[in-house]
Amino acid sequence: MDRRTKIAAVAAALLITAGAAGSATASGDGKGGGREAAALTGSAKLYRPAGDDITFSFDAHLAAKDRNDPLAATGTFRYSHYKGDWGGTAEVKVDCLATGGTVATVTGIVTATDVPGLLHKRVGVSVYDNGRHDRLGYSWLASDPTKDEVPPCNSAAPYERVRAGTGDFTVLPWQFAYPAE
């Protein structure tokens, strides 16, 4: 097989794989039901030249039946930040999910953490699903989540770069049901 034939075969296989994955996400929930209204899934490490190990992972969903109520979102997300002997982690129960195109904002209440004062506080994260160049932002950019109240569905813009090769976020755009005019 010559080089051009190999490249064409690989490209065709990638297109078929991407098409199959995309159609499964967009057409149904995998259980015979309709497409969920919105979702944010995946994980990544943030890019930090100073060597910090910062990881985020998401499994947040808004059911089709709740499409007009982002506060009915379910799921969890986790994050951790370590550098040397310093650091901490948190697990968060989702309480809001809103997506638009390839951007998602998710908030939730911290249910488990080793960070003093963070348990039972709301935090928010935003994600920009941009293929190999995903980005992420978080509500504690300009505030202290142990002291400041974060409203549902709020976070900072996705300004942080994701470390190359780690971003696999998937944002399922929100299907909002507009009232009949």
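Modeller: Quick definition before we start: helices (H or I, at least four residues) and strands (E, at least two) are DSSP runs, numbered from the N terminus. And keep in mind that this is a predicted model.

Biologist: Fine. How many helices and strands are in the protein chain?

Modeller: One helix and nine strands.

Biologist: What share of the residues is buried?

Modeller: 31% of the 181 residues in the protein chain. The chain exposes about 10300 Å², and carbon and sulfur atoms supply 57% of that.

Biologist: And the contacts between residues at least 6 apart in sequence: what percentage join residues at least 24 apart?

Modeller: That comes to 53%.

Biologist: Let's switch to aromatics. How many aromatic pairs are there?

Modeller: Nine. In one of them, Phe56 and Tyr79 have ring centres 5.6 Å apart and planes at 20 degrees, so the pair is stacked. Phe56 sits in strand β2 (residues 53–62) and Tyr79 in strand β3 (residues 74–83), so to speak two distant parts of the chain, 23 residues apart.

Biologist: Are those two buried or exposed?

Modeller: Phe56 is buried at 2% relative accessibility, and Tyr79 is buried at 11%. Another pair linking β2 and β3 is Phe58 with Phe77. Their rings are also 5.6 Å centre to centre, but with 35 degrees between the planes that pair is tilted.

Biologist: How far apart in the chain are Phe58 and Phe77?

Modeller: 19 residues. Phe58 is buried at 5% relative accessibility, and Phe77 is buried at 0%.

Biologist: Which residues make up the aromatic cluster?

Modeller: Phe56, Phe58, Phe77 and Tyr79 are in it, along with Tyr138, Trp140, Tyr159 and Phe169.

Biologist: New topic, Ser126. Where does Ser126 lie?

Modeller: In strand β6, which covers residues 122–128.

Biologist: Why does Ser126 count as buried?

Modeller: Because its relative accessible area is 2%, and buried means under 20%.

Biologist: What does the side chain of Ser126 reach?

Modeller: The backbone oxygen of Ala156, at 2.3 Å.

Biologist: And which residues does Ser126 touch, leaving out those up to four places away in sequence?

Modeller: Ala104 and Thr105, then Arg135, Leu136 and Gly137, and finally Ser155, Ala156, Ala157 and Pro158.

Conventions: Residues are numbered from 1 along each chain as its sequence is written. This is a predicted model: local features need pLDDT of at least 70, side-chain atom pairs count only at pLDDT 80 or more; totals for chains, interfaces and linings use all residues. Side-chain values use heavy atoms; hydrogens and water are left out. Buried means under 20% relative accessible area, exposed over 50%, partly exposed in between (1.4 Å probe, protein chains only). Contact means heavy atoms within 4.5 Å. Accessible areas come from the Shrake-Rupley method with a 1.4 Å probe; for residues, only the protein chains shown count as cover. A polar contact is a pair of N or O atoms within 3.5 Å; within protein, one must be able to donate a hydrogen and the other to accept it, and residues adjacent in sequence count only if both atoms are side-chain atoms. Rings of Phe, Tyr and Trp (its six-membered ring) pair if their centres lie within 6.5 Å; planes under 30 degrees apart count as stacked, over 60 as edge-to-face and the rest as tilted.
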